[in-house]
Amino acid sequence: MSRLVFAALLSTLLLSSGHALAQESDDSACVSPEGSGIWVSPRFPRSGDDLWIMAVSTQGPLRQLTLEDASGMASDLEGTRRGGPPWSLSARTGPLRLGNYRLRADGGTGPCLSLRVGDGLPADSGGNVWDLATEGFYSAWIEQLFDAPADENLSFPSLEPVLRNPERNFLYGYLGLGEDKGLPATPDCADLPYFLRSYFAWKLGLPVAYRACSRGSSAAPPRCGPARIVREFARGTLGQAGFRAVSRQLADGVHSGSARTALNDEASDFYPVELSRETLWPGTVYADPYGHVLVLTQWIPQTATQPGLLLAVDAQPDNSVSRKRFWQGTFLYANPIASAGPGFKAFRPLSSTPGGLRPASNSELMDAAQALPISLEQKALDAEDFYARMQNLINPKGLPPRRSYEAMLDALMEQLDTRITSVENGEGYFRKNPGATIPMPDGAAIFETVGPWEDYSTPSRDMRLLIAMKVLQGMPQHLREHPELYALDGESPDAAAEELEAYHAARAEERSITYTRSDGSLQRLSLGELLERKSALEMAYNPNDCVEVRWGARPGSPEYASCRRHAPAAQAARMEKFRSWFRDARRPPR
């Protein structure tokens, strides 16, 4: 898929702002190819600063960054390569003296930037726009922000330690105002993509847009009102107080329905993208049918020895942020479903018109339908086709059954580790509020509400966990029904499935979690024990219950003996009434 036409279209959707890197006034000899650029942090370099450089290209990999001073002395910078597409190359300099410099990628065939290291003021007041290069930079920034070894369980109590980490966040201190010190950053799952997008726009001086939307119903997806254009960031350098005001405005205006709009609805903040490696960039949003939202962060390609991975982050009602891998247990999908337009989506670009800025319409994007990352193909995919399509994208060569099983097993264990934190957060609430009882909403509101129930209950997470368990246990049968998705090396599907059943029985006893009981002792549970407790876990989401109940301990057992807290009888009766939702893994209509 060509990106040049996309670049041409975005060039007509310019969003002028007051942002400029510290560039020389005469920059005619330093021109970057379409869809590429170089950014420097901090934005206004001072003499003696160490600079963090990021070169980005949407056309191909970048191999080398070179720094030239005014005398023509050049030095190659040691860099870290990521992505593809977009591709990025980041590197750091040592302290630089006052003067003019030029940064080049790939000997001048890649992006180029002329800059002045001076007194912390921009040498030129040129502009920046939401063009293809900037979108590539946003994607590369997201990838770097959440980068970590694939086998690391990346989890944070909130977004704050991520953004406040100068080793992760390329834009940390970018404005030179100390603006990231003490910055509040506690978005939940629906707010997370908006918070990240607006934070990036704040630092670069770009406008953003959002709409107030309904939550939809069992018969129709959410519908949104007119777009609200936030221009404050484009009107000059804004300090932390200004960003906090805008982020509060966004948090009050968006919710879980904002990303679930119908795929063909152009009165929306997002539009659907094609399912391809070329279009699913870091920063792309995934909206599941029931209101959960994830943000893609990284592709890890398949190798001869390791499976491919597609990684994303999400935020929880307790504000924790963790990294997840794509699989059926975390990326829920259902189609047809009348209440939502689920799938992968990108932020809708803004168009500049004589009347001002407005979000681009579907017809404007469709004018270049053969080149733009916009597609309604997800509208035609049922769940089986959707997951098969994604499995082929992530592991195009297929995986042997055991390796595929291990990838799913790792993903399930990640979910269980995340649940340990979520349950413990609830215990922390009761330690601070002894004797309290958290009110329980009725009906479908147990999945969507506000207050302590939203923060510390786990109905949505537990439903995803139960689905994940079912997927893992059902893998041998899936192999029998879809052998084409596996690398069987001539082995029959039935024989491979039987071997996998035996392998699962062994691995389920070897893998385990450990949680802290009410008396402070540690309790180990094998995965096999947890799978046997699925029925109990259908009733384990209420934070008013003790931690033992929340992990499915059997009444009368030694494990259960330390339990000291139970949900009120009226709440337990309501939970029993709702049990079928969890047993059938089907959320009720709103």
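A residue is called buried when its relative accessible area is under 20%, exposed when that area is over 50%, and partly exposed in between. Keep in mind that this is a predicted model.

Select Glu384, which sits in helix 7 (residues 383-394). Is Glu384 buried, partly exposed or exposed? Its relative accessible area is 47%, so Glu384 is partly exposed.

**Stop two: a loop.** Move on to Pro400, in the loop linking helix 7 and helix 8. Pro400 has a relative accessible area of 30% and is therefore partly exposed. Which distance separates Pro400 and Ala496 in space? Their C-alpha atoms lie 9.4 Å apart, although the two are 96 residues apart in sequence.

**Stop three: the core.** Next, select Leu412, Leu416, Ile446, Leu527 and Trp551. Within the largest nonpolar core, which has 55 residues, these five touch the most other members. Several elements each supply at least two residues of this core, among them helix 10 (459-473), helix 12 (493-510), strand 20 (512-516) and helix 16 (569-583). Helix 8 provides the largest share, 10 residues.

**Last stop: a strand.** Finally, jump to Val56 in strand 2 (residues 50-57). With a relative accessibility of 1%, Val56 counts as buried.

Key. Residues numbered from 1 in each chain as written. Predicted model: local features only at pLDDT ≥ 70, side-chain atom pairs only at ≥ 80, totals over all residues. Heavy atoms only, no water. Helix = DSSP H or I, 4+ residues; strand = E, 2+ residues; numbered from the N terminus. Buried < 20%, exposed > 50% of the residue type's maximum accessible area, 1.4 Å probe, protein only. Core = buried A, V, L, I, M, F, W, Y, C linked by side-chain atoms within 4.5 Å.
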